[in-house]
Amino acid sequence: MPRYARIERHALADALQEAGPHAPTLCGDWKTGDLAAHVVVRDRRPDAAPGIVFKPLAGWTDRVRDRYRDAHPYPELIAMLRSGPRLSPMNLSALDEMTNTVEFFVHTEDARRGRGGWEPRALEPGLAAALWQRLPPLVRLNLRRIPDTVRVEAPGHGAFTVGDGEPSVTVTGDPGELLLFFMGRQAASRVDISGDTTAVTRLAGARFGI
């Protein structure tokens, strides 16, 4: 069975290597060097990882990330990212797939789509299916503060609805594009979105994701 987390780890390393250390990304004001350091810290510094999720600890996480970025030449960061942590529970295949497939896919596109001239990647069918499988719980979590009922459709994969009542908004696209949309990369995702104008505007401008 393919290990998509490992495949996407290498895709992310390739995208960052191609872009160089100072290219823009979809991660706010982060450059590619910041993104590379973020993934290395997430891999190798469990003491700094909680700040990625819990904002009161974000200052420490940011300082550790900046130290890694400044202390290691960019090619070394890429090599560390590509190899992954040597001793980590994440080296277990099932945990790696559960924890890292979405993370690495999204960050690969953060690096690819931060600049102009990109086109969506043609995803291997198994990867597209794996991303689709992860979408329902992720979308439900990220839409918990959105009052509208949202229908999500991926032709060839299926559909699901989040919320009660008739859908106010329908979002249609390939699994990877839908994932990017619902991880806060709406402006850089290739989806079709239709429905109530107010609800569409609210969803298109919502802040959520990694």
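Reader: Which way do S3 and strand S4 (residues 192-195) run, parallel or antiparallel?
Author: Four bridges join S3 to S4, and two strands pair if DSSP finds at least two bridges between them. This is a predicted model: local features need pLDDT of at least 70, side-chain atom pairs count only at pLDDT 80 or more, and totals for chains, interfaces and linings use all residues. Residues are numbered from 1 along each chain as its sequence is written, and side-chain values use heavy atoms, with hydrogens and water left out. The two strands S3 and S4 run antiparallel.

Reader: What is the bridge partner of threonine 170 in S4?
Author: Strands are DSSP runs of E (at least two residues), helices are runs of H or I (at least four), and both are numbered from the N terminus. Threonine 170 is bridged to a residue of S4, and that partner is serine 194.

Reader: In which sense do S1 and S3 pair?
Author: S1 covers residues 150-154 and S3 covers residues 169-172. Valine 150 stands opposite valine 169 of S3. Over four bridges, the sense of the S1 and S3 pairing is parallel.

Reader: Which residue in S2 is the bridge partner of alanine 154?
Author: S1 and S2 run antiparallel, joined by five bridges. One of the pairs holds alanine 154, and its partner in S2 is glycine 158.

Reader: How are H1 and H6 set to each other, roughly parallel or roughly perpendicular?
Author: The axes of H1 (residues 4-19) and H6 (residues 93-113) come within 8 Å and cross at roughly 25°. Angles under 35 degrees count as roughly parallel, over 145 as roughly antiparallel, 65 to 115 as roughly perpendicular and the rest as oblique. H1 and H6 are therefore roughly parallel.

Reader: How many nonpolar residues has the contact of H1 with H6?
Author: Residues of H1 including Leu12 and Leu16 meet residues of H6, among them Phe104 and Phe105. Ala, Val, Leu, Ile, Met, Phe, Trp, Tyr, Cys and Pro count as nonpolar; Asp, Glu, Lys and Arg count as charged; the others, Gly among them, count as polar. The contact has four polar and six charged residues, and its nonpolar residues number nine.

Reader: Which hand has the crossing of H2 and H4, left-handed or right-handed?
Author: The axes of H2 (residues 32-44) and H4 (residues 58-71) come within 8 Å and cross at roughly 115°. That makes H2 roughly perpendicular to H4. A crossing is left-handed if the near helix is turned anticlockwise from the far one by less than a right angle, and right-handed if clockwise. The crossing of H2 and H4 is right-handed.

Reader: What is the radius of gyration of the chain?
Author: The chain has nine helices and four strands. Its radius of gyration is close to the 17 Å that the globule rule gives for 210 residues, so the chain is as compact as a globular protein of that length. The radius is taken over C-alpha atoms, and the rule is 2.2 Å times the number of residues to the power 0.38. For this chain, the radius of gyration is 17 Å.

Notes. Axes are lines fitted to C-alpha atoms, for helices over the stretch in contact, and angles run from 0 to 180 degrees between N-to-C directions. Contact means heavy atoms within 4.5 Å.
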